[in-house]
Amino acid sequence: MSDVLAVAEHRRGDLRDVSFEALTAGQRLADAAGGDLHVAVVGGDVEAFAEALNREGVDVVHTIPDGETANHDVAVEHLSALWPSLDADYLLAPHSVAGLDYLPALAQRLDVPLVTDAVDLTLDDGLVVTRERYGSKVETTVAVEGDAAAISIRDGEWPPAEGVGDAEIRTVEGDVDESAIRTTVTGHQEVAAGDVDISEADFVVSIGRGIEEEENLELIERLVEVTGATLAASRPVVDNEWLPKNRQVGQSGKTVTPDVYVAIGISGAVQHVAGMKGAETIVAINTDPDAPIFDVADYGIVGDLFDVVPALIEEFGGEAP
């Protein structure tokens, strides 16, 4: 039997979606190992966070009220102090800027191997971690030697945990070496990201090189307007400077997990699919019936977008430009 400790992440006062995905990954790993799932959250409004993290399958939530925001030293000191009190062998954290800040140092402190950017976890005579390489064209598996490991998980690969659980809430008042906390976070300055964060959208309409020229954006923008969607794009559209970088979906852009993702004129290169395959429902519109995008689509329309999109606009009560 092996327990699992998952670390939740918050930003600007809210738990990030990947925290709930980490719960699902942790639940599955704990079930396979025959152990319990523990969750830790460091800093912020820990009482509110504990309530939100009390999802089905969570056994214990550890709240660590120290600071209001992520801090490398604080996370390493508190989590390394918490770890010995648990019967956990596996430590999960988001594969994010914050996670990659403290997790390597924490793995070194705990003397456990570190595997990053996991897209799947299985137990087969030990932990096996699946990762992707070469722009998600190749899957590789890493067999972890030993009985313990720290793993960062990629967002968008697990569905968020749901339901309301009956987890025990434990406030951690552990003693830490204050002299080891040598940094203070005084605030955050967001990098200019443009007018919208597509990663937070529930309904995304995304366009590719199939729109042919910038002037045809007007047609897509009309569809976005009548459906209430958020406009996004594949890399060729951004490279042509038809839309700003913050609208790009894919490995070199943003990962999105909307309820609905409509891909218009997008062939479905692996770099793009890596950023949107976690969408709940994927609709693809393309003239090529063999386009790779249809391999991941739930619904596909083989047709000219300049015929299909105006019909959709009218279906939603609008008029095509």
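## Salt bridges: the rule and the count

A salt bridge here is a side-chain nitrogen of Lys or Arg within 4 Å of a carboxyl oxygen of Asp or Glu. The model is predicted. By this rule, the count comes to 10 salt bridges. Side chains of opposite charge can pair when their charged atoms come close.

## A pair within helix α6

The side chains of D239 and R235 meet in a salt bridge, at 3.3 Å from N to O. That value falls within the 4 Å limit. Both residues lie in helix α6. They are 4 residues apart, about one turn of the helix. An α-helix has 3.6 residues a turn, so residues three or four places apart point the same way.

How accessible is each partner? D239 has a relative accessible area of 48% and is partly exposed. R235 counts as partly exposed too, at 47% relative accessibility. The cut-off for exposed is over 50%.

## Pairs that span the chain

E157 forms a salt bridge with K277. The closest N and O atoms of E157 and K277 are 3.6 Å apart. This pair links distant parts of the chain, 120 residues apart. E157 sits in the loop between β11 (149-153) and β12 (168-171). K277 sits in the loop between α7 (270-273) and β16 (281-286). K277 is partly exposed, with 29% relative accessibility.

K254 and D197 also meet through their side chains, in a salt bridge of 3.1 Å from N to O. K254 lies in the loop between α6 (235-239) and β15 (260-264), and D197 in the loop between β12 and β13 (203-207), so the pair ties together parts that are 57 residues apart in sequence. K254 is partly exposed, with a relative accessible area of 24%. D197 is partly exposed as well, at 27%.

## A network of bridges

Which residues are linked with E157 and K277 in a network of salt bridges? The network also takes in D117, E132 and R154.

## The negative surface patch

Acidic residues form a negative surface patch. Its members are D14, D17, E56, D155, E162, E200, D202, D259, E280 and D298. One of them, D14, lies in strand β3 (residues 14-15). Patch members make no salt bridge and have over 30% relative accessible area.

Helix α5 covers residues 217-227. Its buried residues are L217, L219, I220, L223, V224 and T227. Seen down the axis of α5, these buried residues fall within an arc of 165°, so they line one face of the helix. The face turned away from the buried side carries the exposed residues E218 and E225.

V226 is also in helix α5. At 21% relative accessibility, V226 counts as partly exposed, because buried means under 20%. V226 and I313 are 87 residues apart in sequence. In space, the C-alpha atoms of V226 and I313 are 6.7 Å apart.

## Separation along the chain and in space

L123 is found in strand β8 (residues 120-123). Its relative accessible area is 30%, which makes L123 partly exposed. L123 and A33 are 90 residues apart in sequence. From C-alpha to C-alpha, L123 and A33 are 7.4 Å apart.

H272 has its place in helix α7. H272 counts as buried, at 6% relative accessibility. Along the chain, H272 and G34 are 238 residues apart. The C-alpha atoms of H272 and G34 are separated by 37 Å.

## Positive phi angles

Most residues other than glycine have a negative phi. Which values do R12 and D111 take? R12 is not a glycine, yet its phi is positive, about 50°. R12 has its place in the loop between β2 (10-11) and β3. At 55% relative accessibility, R12 counts as exposed.

D111 has a positive phi near 60°. D111 is in the loop between α4 (97-110) and β7 (114-118). D111 counts as exposed, with 69% relative accessibility.

Methods
Residues numbered from 1 in each chain as written. Predicted model: local features only at pLDDT ≥ 70, side-chain atom pairs only at ≥ 80, totals over all residues. Heavy atoms only, no water. Patch = residues over 30% accessible without salt bridge, like charges linked within 9 Å, V, L, I, M, F, W, Y side chains within 5 Å. Areas by Shrake-Rupley, 256 points an atom, 1.4 Å probe, with all protein chains shown as cover. Lys, Arg positive; Asp, Glu negative; His and termini not counted. Charge placed at Lys NZ, Arg CZ, Asp CG, Glu CD. Helix = DSSP H or I, 4+ residues; strand = E, 2+ residues; numbered from the N terminus. Buried < 20%, exposed > 50% of the residue type's maximum accessible area, 1.4 Å probe, protein only. Arc of directions from axis to C-beta.
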